[in-house]
Amino acid sequence: MSKSKVVAAFRRHAGAALKAQGFAGGRGHYVRREGAVTQVIELQHSIYGGRVTANLGLDLEWLKPYVRWIPTPQVGPHAHDATRWVRVGIVSPAKADVWWSFGSEDEIDGCAKNLARAVLEYGVPWLDDKSGRDAFRKYAEEKLARSQSSMRPHGSFLELRLMAAVCAWRGELTLATEHAGHAAALWNEERARLVNARTMYKKRHPEQPRLAGVPNLVRELERLITPGSARQFVPPKKKKATAKKKPG
């Protein structure tokens with residue numbers, strides 16, 4: 001009951017403002033598409049109850065999900081499944097993983113009001129600031145550097161895949177090809193991990209008899225970075241609504 005009340009209170013304090021800025025959705029999950037990037041705001045409730053925070057996600061629509069057998073909500077991706085995500089407290093002046101607490105249901109409205117303020121004042125501007133190609137390039141570089149080790153001098157598969165895709169998005173095809181080649185060298189090991197993950201998921205969810213298979217991520221990446229594939233980075237144009245003629 002508290003969870004639904006928190007969601008409702010957040011909607012009262014932030015729903016109209018988010019809608020005015022182009023976000024769609026509700027029930028604690030809001031999505032806005034800006035070019036090739038999907039921006040996500042999603043509430044996360046503590047498994048222990050009594051507190052809530054918000055996750056912010058930035059998803060590159062042309063970089064298909066790593067896992068295909070878990071369905072994506074109709075409104076858009078979960079924040080934690082997006083290409084990049086962070087908690088709203090990290091991008092606030094606190095620069096920490098902040099959770100907003102309520103000791104009783106009487107305190108929910110105040111809790112949701114403070115969370116809504118953080119999302120509107122710091123979360124939405126962060127989404128706008130980090131949606132550009134340069135911001136994604138910097139993020140991919142930092143992730144790749146952190147993944148490098150003596151066993152993986154060029155970085156791990158996922159970080160190499162992201163770096164290659166972002167370089168292609170920016171038109172840096174030589175670099176994209178180089179990173180994609182390093183990713184391809186790690187694909188067999190990564191594929192084995194995916195196969196095992198899918199098998200475990202199937203055991204936990206026997207009610208889902210038909211699951212998407214493990215995708216060939218290397219082949220997808222090769223297609224993505226092929227010269228002349230820039231059209232893949234351009235989202236489809238929205239159809240203009242035609243005005244209805246008045247009778248007579």
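Student: Which element gives the largest share of the lining of the largest pocket?

Tutor: That's H4, with 4 residues. A pocket is an open set of points on a 1 Å grid over the protein atoms alone, where a 1.4 Å probe fits, with protein on both sides within 12 Å along at least five of seven lines; lining residues have an atom within 4 Å of a point. H4 spans 157-169, and it's among the elements that each supply at least two lining residues, along with strand E4 (51-60), E5 and helix H3 (133-147). Helices (H or I, at least four residues) and strands (E, at least two) are DSSP runs numbered from the N terminus. Keep in mind that this model is predicted: local features need pLDDT of at least 70, side-chain atom pairs need 80 or more, and totals for chains, interfaces and linings use all residues. Numbering starts from 1 along each chain as its sequence is written, and side-chain values use heavy atoms, without hydrogens or water.

Student: Which residues are closest to the centre of that pocket?

Tutor: Of 29 lining residues, the closest are Asp59, Pro65, Tyr66, Asp81 and Ala82.

Student: Is arginine 87 buried or exposed?

Tutor: Buried means under 20% relative accessible area, exposed over 50%, partly exposed in between (1.4 Å probe, protein chains only). Arginine 87 sits in strand E5 (residues 84-87) and is buried because its value is 16%. Beyond neighbours within four places in sequence, its contacts (heavy atoms within 4.5 Å) include Gln44, Asp97 and Trp99.

Student: What is phi near for arginine 27?

Tutor: About 55°, positive in a residue other than glycine. Arginine 27 lies in the loop between strands E1 (24-26) and E2 (29-34), and it's exposed at 79%.
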